[in-house]
Amino acid sequence: MRILLDYRPALRQRTGVGEYVHELARALVTPPVPPDEALMLFTTSFKDRPDPGLQAALPGVVISDHRIPVRALTTAWHHLGWPPVETLCGPVDVVHGQTPVRIPARHAAQVVTIHDLDFLHHPDRARAEMRRDYPKLAGRHARSAHQVVVSSRYAAGEVTRVLAVPPERVSVCPPGAPSWAAAVAARRRGRALGDYVLFVGTVEPRKNVAGLLAAYRLARARDARVPRLVVAGRVTADGRAALGALTSHGLAGQVELRGYVPDAARPDLYASARMLVLPSFEEGFGLPVLEAMACGVPVVVSNRGALPEVAGAAAVPVDPDDPEAIAARMLELLDDAAAERAIAAGMAQASRYQWSDCAAAARRAYQAAIDHAHRR
């Protein structure tokens, strides 16, 4: 099986989708690998090139890198259905795109990825082609793709219910806990439980950072033991308004904005956290929650999207529109006994998520796509 994996989301700063595709690629080349399987990574940008260490990090892959402006290629693919990807990369059996819009192919089976449908339910929270193209194209492309990959059972339900994709053509491929998490958990054992409340994610309206700041202000007003808040993630243009609440809430000096945290710094980020709070309005998975649980960090999550599914028994989900409820849960986790119970439950829950399982599920999705393409 010749697999072409769209690696573009991981080419620059790796947010959740970029991390997903990078780790999926790593898992696909981790032995044992089927003897007839070959993996190619597709990247394109006018100025950005793959990391020089990528080939060494992913032995055996072929990197098909092209100096083509992303916007130009995306526009051609979305609106013209051209050029077929084989003209850029050569013959492959299956092409796995990382968006809801198919990558045009002459002969290859086409797999699309849908992590969530927030762009459809709330287009005002989307940007660029997610706002411009996805609402018009996602349904048609998902129904005509040979297989749809999602990262949670919640997302699978959304795709079948909202986009009318048959359940047998939806493959759930959840991500795995990071390989570095066990070492972080070991560092945390026997130490104080952490120095700050942590948020990890792109600062954008969907992540409800404004609600987090309101809840944090309430928690600080009720208990002086609440440590500082660290917000780690790239800030979008739409997200800057949420951070404007720092001044109105009187939180200057109590909140640290870290910006995007590169891979090498993420273990230290979790190692010193008292808790992770992710009160998003919508998540197709919520990778920071899995990372935190695997590191032995208690989590506070909203009751929306896939977050209750991912956290399992490790959290009591709260209403993201209710800062009082978020604050109350944060205060509960200041109790060491409650935090230890949450840590134990979180590590047990995180152990259920393995990248090797994700790779195995992806292989089944690729074979199903190829079989479906042949039947057509």
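Trainee: How many of the five residues of strand β9 (residues 228-232) are buried?

Mentor: Keep in mind, before we count, that this is a predicted model. Strand β9 is mostly covered, since four of its five residues are buried.

Trainee: Which strands pair with β9, and in which direction do they run?

Mentor: The general idea is that strands of a sheet pair through backbone hydrogen bonds, either parallel or antiparallel. In this model β8 (residues 196-200) and β9 run parallel and are joined by five bridges, with Val 200 standing opposite Ala 232. Strand β10 (residues 255-259) also runs parallel to β9, joined to β9 by four bridges, and here Leu 229 of β9 faces Val 255 of β10.

Trainee: What is the order of the strands in the sheet?

Mentor: The sheet is open and has five strands, which follow one another as β10-β9-β8-β11-β12 with parallel pairing. At the edges are β10 and β12 (299-301), each of which pairs on one side only. From one strand to the next, the twist averages 20 degrees.

Trainee: Which helices pack on this sheet, and which strands do they touch?

Mentor: Helix α10 packs on the sheet and touches β8, β9, β10 and β11, while its direction makes about 170 degrees with that of β9. Helix α16 (residues 323-332) packs on the sheet as well, touching β8, β11 and β12, and its direction makes about 160 degrees with that of β11.

Trainee: What handedness has the unit made by β8, α10 and β9?

Mentor: Together β8, helix α10 (residues 209-222) and β9 make a β-α-β unit that is right-handed. In the loop between β8 and α10 you will find Asn 208, whose phi is near 60 degrees, a positive value in a residue other than glycine.

Trainee: Is Asn 208 buried or exposed?

Mentor: To decide, compare the relative accessible area with the cut-off, which for buried is under 20%. Asn 208 has 6% relative accessibility, so Asn 208 counts as buried.

Trainee: Where is Glu 283, and what does its side chain join?

Mentor: Glu 283 sits in the loop between β11 (273-278) and α14 (287-295), and a polar contact of 2.6 Å joins its side chain to that of Lys 207. Glu 283 counts as buried because its relative accessibility is 5%. Leaving aside residues up to four places away in sequence, Glu 283 touches several others, including Tyr 154, Arg 206 and Leu 307.

Trainee: At what angle do α14 and helix α17 (residues 336-350) pack?

Mentor: These two helices, α14 and α17, pack at about 115 degrees, with their axes 7 Å apart, and their crossing is left-handed. The contact is made by Leu 290, Met 293 and Ala 294 on the side of α14, and by Gly 346, Met 347, Gln 349 and Ala 350 on the side of α17.

Notes: Residues are numbered from 1 along each chain as its sequence is written. This is a predicted model: local features need pLDDT of at least 70, side-chain atom pairs count only at pLDDT 80 or more; totals for chains, interfaces and linings use all residues. Side-chain values use heavy atoms; hydrogens and water are left out. Buried means under 20% relative accessible area, exposed over 50%, partly exposed in between (1.4 Å probe, protein chains only). A polar contact is a pair of N or O atoms within 3.5 Å; within protein, one must be able to donate a hydrogen and the other to accept it, and residues adjacent in sequence count only if both atoms are side-chain atoms. Contact means heavy atoms within 4.5 Å. Two strands pair if DSSP finds at least two bridges between them. A crossover is right-handed if, with the strands pointing away from the viewer, the path from the first strand over the helix to the second runs clockwise. Axes are lines fitted to C-alpha atoms, for helices over the stretch in contact, and angles run from 0 to 180 degrees between N-to-C directions. A crossing is left-handed if the near helix is turned anticlockwise from the far one by less than a right angle, and right-handed if clockwise.
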